Structures are given as C-alpha cells and as structure tokens.
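Visitor: I am new to this one. Please show it to me, and then I will ask my questions.

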Amino acid sequence: MKTFDFTHATSVEDAIDAATAGATYLAGGTNLIDLMKSGVEQPSALIDLRRLGLTSITSTPARGVFIEAGVTNTALANHRLIRTQYPVLSHAILSGATTQLRNMATTGGNLLQRTRCPYFMQPAFSACNKRNPGSGCAALHGFNREHAIFGASEECVAVHPSDMAVALAILNAVVHVQHPDGRRSIPIGQFFALPGQTPAVDNTLQPHDLIVGIELPPSKFFNHSWYLKVRDRHSYAFALVSVAAGLQIDDDVITAAALAMGGVAATPWRLHDAEASLIGKRPTAVAFDAAAQLAMTDARPLAQNGFKVDLGRHSVVRALRLAAVDRDAQVAGPPS
C-alpha cells in the first residue's frame, strides 16, 4: 500500500478544504481501504469524516426523513422511522454484507462504493476502462457471469453493488451534497451514471463534493413493499439479481407502483414500463407476470449471463407477490 497522510476533519468546511487540497474522503472505509490494499486506489492523503457528527436520522417538515451521511448501515436499518415508514430500505440493508461491515459502513459511503468486477478489483488485469481509461474492458469478452444486462456499453459492463441504493431508487430519495460553492440536491435517479464512453465516472458528483445526507419523501409503500436478493450463496454475497418492489393497494386495486433492480446495471435499474402496467390492476399473478415480461424487454445479456433474464423475470414476480401481502402478515425483515 502506498504511504499517505491522514488527518481528521473538524467540520464539513474543513473536510471540503482538505479535499480541495488533494485529500480523499474517508468515512467507514469498508470499500476504500480494500481498494487501497490492492492498489486500485492510491490516495496521497485521507481526510477522516467520522468526527463530523453526521449521525442523525430525523423527521422532516414534509413528513419524510432526513438521514445524515455518517449514519451507519446498522443504525439505519434498525431505526424506528425506517422500519415503520420505509421497511424496504431496512430489508435491503440487512440483505447486504456482514454485521461487522454494516456496523462500519456509512450511508454516504454506501452510495459511493465501487464495482466488484474482478477485472476492476485486481490491477494485475490491465484492461479495465473504469480503473484505467482507454485500456479496454476485459469483462466484455471474458468472465461476465455477474455483469450487466441493462445499460452497458462497449467500454464497460460492470454493475453497481449496493443493495441500499436499489431500495432508495423506489423511494425517490434525494442526495444532499455540500460543495465549496454551497449545497445542492440530486434526485437518486440522476445520481448514478451509466458507463457510456466514460466508465471511470460512477456518478454525477463534482470534484470535492461531500455527501451530507439523504432525504426520503413520505412513502406510499410502507404497507406493501419488499426487497428480494438472489445470490450464489445465502449470505455475504453480492446480488446476481435483486428487486425492490413497492405497491399502494386501495380496495384491491394497485394505485401506485415502483420497481427497481440491482445486480443488472451500473445503476439501480428502474422498471418504469413495468410499473405503469400495474396501475389500475388487481394484484394478481396475471398482472405480475405481465409486468415481469415488460421488465426484461430491453435486457441485453452477455455470453455468460443470459440466465439473468429468466432469473430477473421470476424475481420481479416473486418480489411483487411478497410486496402485495399486507405488511402485518409479513416477517419484519430478512435475518441479519
């Protein structure tokens, strides 16, 4: 590992000043430190954010919730406001990583974690446009079983690994960012970036932007939602396919719906056509099957991941079936 300077930020402004001078933000470090150990990331300086006190979860005047960026994944998943108003977010977080990692990982850092594509994670592989722009994409014609079936390009076929972000996508979360010139907000649907011709760019943050929190508007789906994660082993693995599903059901009719998939693209992948197909329908197997067919219409599988198309279709159906069950009849969430 390359040697580096290390300091603690005493304020948000102090952190941004340090970043402007060349330091890299360090929150929980559960992804960044691994990348530094392997040589993927080689910062010359780290600015530690853990003393900033950004650890609150509070109700907003709009009757939503504001989650500060330093809140750990464990604290977020187990918070009363999240479990009662946004249970799909709790489900998603508890589906990821280990208890020890969730105790360290932060809300802001979770959004910024890098892909786990093996060609990106190992500098011994020279061809990775995300790590080394212009070098090619080894996964495109190499081992790509776990890679994207939506939104990929010839430059990169990696997927984003976050479970939390998939749930945030159906909740219409807003990311609040502090910049040297002031604060701005970014809707979650505009936060992540598809690879296109610039796969090294993961999101729409500007240099030195610091995530200070995530705002959740009031949710229509607190009584009918589910996060389904399909993976090679039951625990401590990234998703091959995941689905966050939210429904509003009035008098046995779906009046609002939101669907997003994980493990299939460089961003949480919203299924807008499938959502629209559900409105006005009864929550039946026929309606769910039709939505699932629409969900996978634009899938473009690679040589080794064609199974994700069928797996995705079945996963959408199962997530919708579980979401349609009244929450009082559901278990509180997946085991941690």
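Visitor: Where is the place of D298?

Guide: First, this is a predicted model: local features need pLDDT of at least 70, side-chain atom pairs count only at pLDDT 80 or more, and totals for chains, interfaces and linings use all residues. Residues are numbered from 1 along each chain as its sequence is written, and side-chain values use heavy atoms, with hydrogens and water left out. Helices (H or I, at least four residues) and strands (E, at least two) are DSSP runs, numbered from the N terminus. D298 sits in the loop between α11 and α12.

Visitor: Which residues does D298 touch, not counting residues up to four places away in sequence?

Guide: Contact means heavy atoms within 4.5 Å. D298 and I149 are 149 residues apart along the chain, with their C-alpha atoms separated by 8.5 Å. Leaving out residues up to four places away in sequence, D298 touches I149 and F150.

Visitor: Is N305 buried or exposed?

Guide: N305 also lies in the loop between α11 and α12. Buried means under 20% relative accessible area, exposed over 50%, and partly exposed in between (1.4 Å probe, protein chains only). The relative accessible area of N305 is 0%, so N305 is buried.

Visitor: Which backbone oxygen lies 3.4 Å from a polar atom of the side chain of N305?

Guide: Not counting residues up to four places away in sequence, N305 touches N144, R145, H147, A148 and I149. A polar contact is a pair of N or O atoms within 3.5 Å; within protein, one must be able to donate a hydrogen and the other to accept it, and residues adjacent in sequence count only if both atoms are side-chain atoms. The backbone oxygen at 3.4 Å belongs to A148.

Visitor: How far does helix α12 reach from its first C-alpha to its last?

Guide: Helix α12 covers residues 307-324, which is 18 residues. The expected span of a helix is 1.5 Å times one less than its number of residues. That gives an expected 26 Å for α12, and the helix comes close to it, reaching 26 Å.

Visitor: Which elements do the buried residues of α12 pack against?

Guide: The buried residues of α12 include V309, G312, V316 and L320. An α-helix has 3.6 residues a turn, so residues three or four places apart point the same way. The buried residues of α12 pack against β9 (225-230), β10 (241-250), β11 (253-262), α10 (272-278) and α11 (285-295).

Visitor: What is the order of the open sheet of four strands?

Guide: Two strands pair if DSSP finds at least two bridges between them. β9 and β10 pair in the antiparallel sense over six bridges, and S225 stands opposite G246 in β10. The edge strands, each pairing on one side only, are β9 and β12 (269-270). The order is β9-β10-β11-β12.

Visitor: Which residue in β7 is the bridge partner of H176?

Guide: Strand β7 (residues 182-187) pairs with β6 in the antiparallel sense over six bridges. A hairpin of two residues joins β6 to β7. V174 has P187 as its bridge partner in β7. For H176, the partner is S185.

Visitor: In β8, what is the bridge partner of V175?

Guide: β6 is mostly covered, with five of its six residues buried. β6 and β8 pair in the antiparallel sense over five bridges. In β8, the partner of V175 is I214.

Visitor: How many disulfides does a search of the whole structure find?

Guide: A disulfide is a pair of cysteine sulfur atoms within 2.5 Å. The closest cysteine sulfur to that of C117 is in C128, and because it is 6.0 Å away, it is too far for a bond. C117 is buried at 9% relative accessible area, and C128 is buried at 7%. The number of disulfides found is zero.
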